[in-house]
Amino acid sequence: MSTADAPKKPRETDDVPVPATLRKSLKNRHIQLIALGGAIGTGLFYGSSESIALAGPSILLAYLVGGLAIFAIVRALSEMSVEDPKAGAFSYYATRYWSKRAGFISGWNYWFNYILVSMVELSVVGSFVNYWFPAIPTWVSAAVFLVIICAANLLGVSKFGEFEFWFAIIKIVAVIAMIIGGLAVIIFVLPTASGVRASFANWFTVGNGFFPNGLMGQNSDGSWTGLLMALVVVMFSFGGTELIGITAGETEDPKTTIPRATNDIIWRILVFYIGALGVIMAVVPWNTIDGKSSPFVQIFDSVGIHAAAGILNFVCLTAVMSVYNSGLYANSRMLYSLAKQGNAPAYLGKLNSRGVPVAGVLTSAAITAIAVVVVFVWPEFAFNYLMSIATIAGIINWTMIMFTEMKFRKVVAAGGAPEDSELAGKSGKEALDAIHFKLPFAKVTPWVVLAFLALVVVLMCFSASYRVAVIAGVIWLAILFAAYQLTQAKR
């Protein structure tokens, strides 16, 4: 039989039935925009008001320092993802290079974290819909978007990638338009509603200058403020950037795509956080940004463009959908990985003919739906306690990534690299030097990042709203440890 007559191997796509396996269907453009979109959310559009109030123009330094820490964390995760691209990312790596207990805690912590984040996003989606259609009950909006996103995830990973691609495009265009509009106001000296001339000099001349509240200080009401306190808010606005590692197991060319997407994180932070907020505070005096509306709306309102509120409402609606879309994707892959490790029920490890862990998608969606009901019935309980766990879970996740990276290097140096990796058969310095995408200054960087994360936790204790998160974090870790021991005892 000639090669022309030989049966062709089915392509790995979501639409061609092949043996049940995860499909490497995410293309470079998907990963680039998923990574970019992960750094832009409602935390930037609305949450930046809180951080500006705490630190004034010096918030730009907080975003730079926090951005460097996040870059190091994602670089550590990407180092492992490039050499050993697997679904579940850090949970799989924690199990493979640390211990089964570490994999259990890492995986379930991340899964529950995204359940709670998704809960909040879905619970507020109704407020954005009500901007145009006030008669629609908020629970109806939540239910409709939950079903839409769930259906999109069931279609296959390439469809998920397409959804995220366009969600990210909308957010990027919105931020770039704001930056260009703000620069136009500054360059052409257009009049503003505040009466203050738009200029970058406003960083230093408005409201006691660049460091209006210093590094850290106490207000008359006993609350703490300053650059260090703003770091807490800043760090949690970066949540979601680690999604790059989750996608590695379904990426066409992880050795090329993951390093590129990871290295681009720095300029994203410079442009979309520091650049955007820098322009905003040049046009709108920072001490008039009170959080009653988004700083992005204020910058357009200040020059008479009042349609900005409606536009931003649409952008935030897509941002909320993007977060839930990413959360459902990440959670289904995390449950799939936990099941393969023996840390979750076996049914969660099954795939359909499109390579989708259907049980993981539906289980995560069902639990999220229950969590959304809790928000509507007991909003105070949900936001005060459940969101406290979500807040500290991000710190736990980042901490475990850094410890796992150090464990990974020890295993590689001992000759225990994955068999299908280019590191296989190598050990010692030869193996470490052969790592394709190294974490810079790997002997020191993890400890610097861990010290920084510890500082953030200490700073959280100075804030009444974040202090409960620290207490919840200790209780949450105890629950995870106890749950692991209980599952092992049953086996």
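1. Let me start with the cysteines: a search of the whole structure turns up 0 disulfides. Please keep in mind as you read on that this is a predicted model. For background, a disulfide covalently bonds the sulfur atoms of two cysteines.

2. Cys150 has a relative accessible area of 9%, so it counts as buried, the cut-off being under 20%. Cys461, at 33%, is partly exposed.

3. On secondary structure, you will find 20 helices in the protein, along with 2 strands.

4. Now the overall dimensions. The radius of gyration is 23 Å, and a compact globule of 491 residues would come out near 23 Å, so the two agree. Along the principal axes, the C-alpha atoms fill a box of roughly 80 × 50 × 50 Å.

5. How much of the protein is buried? Of its 491 residues, 55% fall in the buried class. As for contacts between residues at least 6 apart in sequence, 77% of them link residues at least 24 apart.

Terms used. Residues are numbered from 1 along each chain as its sequence is written. This is a predicted model: local features need pLDDT of at least 70, side-chain atom pairs count only at pLDDT 80 or more; totals for chains, interfaces and linings use all residues. Side-chain values use heavy atoms; hydrogens and water are left out. Helices (H or I, at least four residues) and strands (E, at least two) are DSSP runs, numbered from the N terminus. The radius of gyration is taken over C-alpha atoms; the globule rule is 2.2 Å times the number of residues to the power 0.38. Buried means under 20% relative accessible area, exposed over 50%, partly exposed in between (1.4 Å probe, protein chains only). Contact means heavy atoms within 4.5 Å. A disulfide is a pair of cysteine sulfur atoms within 2.5 Å.
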